[in-house]
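Open the model in your viewer and keep the sequence panel beside it. The stops below are given in the order in which to select them.

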Amino acid sequence: MLDYQQQSTWSNGFGQQQSPINIETPQAAQQDQPLSFTTDSDYQLTKELDDQTTIKLLGTGQATIFKRSFDFQQVHFHAGAEHSVDGNQKPFEIHLVHQNAIGQLVVVALLVSLGDQDAAFQQIIDQFQQGASTPVKMEIDQWLPKLAEGYHYLGSLTTPPLTEGVEWLVITNPNVTISQDQLKRFQQLFKPNNRVTQPVNGRLVEKYLL
């Protein structure tokens, strides 16, 4: 099982464009428009898995990201959040993983605050079975804002093999909150599973506003 308490031992042959990062807004290149991200078909979740460090759900769906077509692959969760903005860390982060026809990866990260309980996330928690794979049928399009604010940069997977060349959209205005009870339940199931932030190393980080 992946040990988040021993991150310094994770094998990494890259090191210059790693994720997650702390986004420093004064250094971000401002773009006066929303993030170029739209869903083209519903995100349908079909299978729920225990991968030992988080809940992972597989599914189908399509999105257009910066005028390129991507297929939705899976969604999983991190507590606390992996990305931070100006040193501020949210309690929870949702990763929606996409891939296109030639294998390029885009991860859409939702920085989630505490607030009202989310019905879809509650369903995910309620039907979770440790060590098991469970068929599910549900949608999660409602988590995505119609117009997204946030950041765009090039990074890596946040778990081994830590492969670089992964495009990130970090959305700061998701249409989802979770309750304190929901966060507590997730933390009862899993130990902290956020990778520490990595050096930016001069990378371009774009900031998109409505």
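A pocket here is an open set of grid points with protein on both sides within 12 Å along at least five of seven lines, and its lining residues are those with an atom within 4 Å of a point. The model is a predicted one.

**Stop 1: the second largest pocket.** Coloured by class, the lining shows six nonpolar, four polar and two charged residues.

**Stop 2: the largest pocket.** Which residues lie nearest the centre of the largest pocket? Select K56, Q74, H76, T158 and T159, which hold that position among the 19 lining residues. Two or more lining residues come from each of β7 (68–78), β10 (92–99) and β11 (105–112). Of the elements, β7 gives the most, with three residues. The volume of the largest pocket is about 290 Å³. Its lining divides into eight nonpolar, nine polar and two charged residues.

**Stop 3: helix α2.** Select residues 180–189, which form α2, and highlight Q182, L183, F186 and L189, the buried ones. Turn the view to look down the helix axis: the buried residues of α2 fall within an arc of 120 degrees, so they line one face of the helix. What does the face of α2 turned away from the buried side carry? Select D181 and Q188, the exposed residues found there.

Now show what the buried side meets. The buried residues of α2 pack against β5 (55–60), β7, β10 and α1 (119–127). Two of these partners, β7 and β10, also belong to the elements giving two or more residues to the lining of the largest pocket.

**Stop 4: G155.** Select strand β13, residues 150–156, and pick out G155 within it. Is G155 buried or exposed? Its relative accessibility is 0%, so G155 counts as buried; the cut-off for buried is under 20%.

Next, show the contacts of G155, leaving aside neighbours within four places in sequence. They are Q17, S19, T163, E164, G165, V166, W168 and R203. Finally, draw a distance between the C-alpha atoms of G155 and V107: the separation is 9.8 Å, for two residues 48 apart along the chain.

Conventions
Residues are numbered from 1 along each chain as its sequence is written. This is a predicted model: local features need pLDDT of at least 70, side-chain atom pairs count only at pLDDT 80 or more; totals for chains, interfaces and linings use all residues. Side-chain values use heavy atoms; hydrogens and water are left out. On a 1 Å grid over the protein atoms alone, a cavity is a set of points where a 1.4 Å probe fits but cannot get out, and a pocket is an open set with protein on both sides within 12 Å along at least five of seven lines; lining residues have an atom within 4 Å of a point. Grid points are joined across faces, edges and corners, and a volume is the space filled by probe spheres set on the points. Helices (H or I, at least four residues) and strands (E, at least two) are DSSP runs, numbered from the N terminus. Ala, Val, Leu, Ile, Met, Phe, Trp, Tyr, Cys and Pro count as nonpolar, Asp, Glu, Lys and Arg as charged, and the others, Gly among them, as polar. Buried means under 20% relative accessible area, exposed over 50%, partly exposed in between (1.4 Å probe, protein chains only). The arc is that of the directions from the helix axis to the C-beta atoms. Contact means heavy atoms within 4.5 Å.
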